[in-house]
Amino acid sequence: MRIFRPGLALLLIGSLVACGGGGDDSVGSPSAVVPDPFADVDRAASAAFTAQGIPGMGLTIYDAQGVKRFEKMYGTFNADQRVAIASASKMVAGLVILRLVDQGFLTLDSTTGAVLGWTGPQGAITLRQLLSFTSGMAPEAPCTLLTNIDLADCVATIGATPLAAVPGTRFDYGSTHLQVAARMAEVVTGQSWASIFAMQLKTPLSLGTDVTWYTAPRQSLGTTNPLIAGGLRMTMNEYARVLALEYGKGTYQGNPLLPASLFDAQSTEPYPNATIGNSPLESLGLNYHYGLASWLECAPPAVNCAVQSSPGAFGFTPWVDRTGRYYAVLGMEVTESQSGVVAFAVQLEQQLEPLIRTAL
């Protein structure tokens, strides 16, 4: 299905021209159909899908008012198909934690020492550094893949591991940072991550009851030690609600859930002088850095970046474009990945962005 809702243009234009002279009237040309402004978007997505040879993909685009302006499924995929969204989970986790910041449970300067009791260099890591992946910890920890432990056990193991860099000096994209941030959320609230997610986002956004964080999301296994940076299963339509909140800088369907000031912090690179270590987007030739739990698609150092994204290793790629006044979801679940990000999906997103701006 493809949806096209033009802004001020009419779908059909008819003309009746009255010509003077001798009292004779003449009828003008018959009705003409206005060209679909999303035709180039559709062609680019269709060509990329065909060339990649994947089984299914979807694309939905919403305007600034939250109206779905384009939707098309390619191959065997649909917008209500719940899939493992991999690193698209990061933006969702970031919003959950920012709600706790707004409610006073945490601040961006809360430390692992104060909340988790860590000591030494590990105890100086701040929540801001965890959300921006500049904690200095190794980007991956084996315990994040274990289904037979809980989040507290995993984070205790991480806390006993020596740092790879001084906090705030090196960016390393990976799962470790958000695992620790989520455990901080559990400690300050006294609730499990699943309960925190349900209270802070699932219920306010009316997400499906089956939207769940897993250790192994493709197999829907493990809920006691959820992989915070990549364990969610969601549908395109469900994720669109997350993007509506993101695009609205904390307001969802008229309800203020977060202050806009936190989104200014989220969309600004907190440590612009940090060394770039592991960066999947840099490996794809994109000079984009990271904000708080989302990529900033602006030339660094990024300040109040208008385009933010959270692409996942299986291709599921959501983004907001406040300059273009839209948000979009590229949905799929494929196995091909490159450094944690499907090159195909990221490059298609980059190709579609200017075409969508033109269409709108």
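Tutor: Gladly. Let us start with what pairing means: two strands pair if DSSP finds at least two bridges between them. Keep in mind that this is a predicted model.

Student: What makes strand S3 and S4 a pair?

Tutor: Set the count against the cut-off, which is at least two bridges. Strand S3 (residues 56-63) and S4 have 7 bridges between them, in the antiparallel sense, so they qualify as a pair by the definition. One place to look is Ile61, which stands opposite Phe70 in S4. In the hairpin of these strands, 4 residues lie between S3 and S4, and Gly66 there has a positive phi near 80°.

Student: Why is strand S4 described as largely enclosed?

Tutor: Buried means under 20% relative accessible area. Of the 8 residues of S4 (residues 68-75), 6 are buried, so the rest of the structure largely encloses this strand.

Student: What makes S5 and S7 edge strands?

Tutor: Look at the sheet first. It is an open one of 3 strands, in the order S5-S8-S7, with antiparallel pairing. Strand S5 (83-84) and strand S7 (212-213) each pair on one side only, and that makes them the edge strands.

Student: How do you know that S5 and S8 count as a pair?

Tutor: The cut-off is at least two bridges, and S5 is joined to strand S8 (residues 232-234) by 2 bridges, running antiparallel. The pair therefore meets the definition. Within S8, Arg233 is the bridge partner of Ala84.

Student: How do you know that H2 has the span expected of a helix?

Tutor: The expected span is 1.5 Å times one less than the number of residues. H2 (residues 89-102) has 14 residues, and its first and last C-alpha are 20 Å apart, close to the 20 Å expected. After the helix comes Gly104, with a positive phi near 90°.

Student: What makes H2 "mostly covered"?

Tutor: Residue by residue, 13 of the 14 in H2 are buried. For the protein, 54% of the 360 residues count as buried.

Student: Which residues have the most contacts inside the largest nonpolar core?

Tutor: They are Val92, Leu127, Leu131, Trp193, Phe197, Met234 and Tyr239, in a core of 79 residues. H2 gives the most to this core, with 9 residues. Apart from it lies another core of 25 residues, including Val41, Leu59 and Trp319.

Student: What is Val92 in contact with, beyond its neighbours within four places in sequence?

Tutor: Contact needs heavy atoms within 4.5 Å. With those neighbours left aside, the contacts of Val92 are Phe197, Leu201, Trp213, Leu232, Met234, Tyr239 and Val242.

Student: Why is Leu116 called partly exposed?

Tutor: Buried is under 20% and exposed is over 50%, with partly exposed in between. Leu116 has a relative accessible area of 21%, so it is partly exposed. This residue is in helix H3 (residues 112-116). Leaving out residues up to four places away in sequence, Leu116 touches Val155, Val180, Arg183, Met184 and Val187.

Student: What makes the link of Cys298 and Cys305 a disulfide, and how is it handed?

Tutor: The definition asks for sulfur atoms within 2.5 Å, and here the S to S distance is 2.0 Å. With 95° about the S-S bond, the link is right-handed.

Student: Why do Cys298 and Cys305 get the accessibility labels they have?

Tutor: The dividing value for buried is under 20%. Cys298 has 22% relative accessibility, so it counts as partly exposed. Cys305 has 2%, so it counts as buried. In all, the structure holds 2 disulfides, and with the bonded cysteines numbered in sequence order the pairing is 1-2, 3-4.

Note on methods: Residues numbered from 1 in each chain as written. Predicted model: local features only at pLDDT ≥ 70, side-chain atom pairs only at ≥ 80, totals over all residues. Heavy atoms only, no water. Buried < 20%, exposed > 50% of the residue type's maximum accessible area, 1.4 Å probe, protein only. Core = buried A, V, L, I, M, F, W, Y, C linked by side-chain atoms within 4.5 Å.
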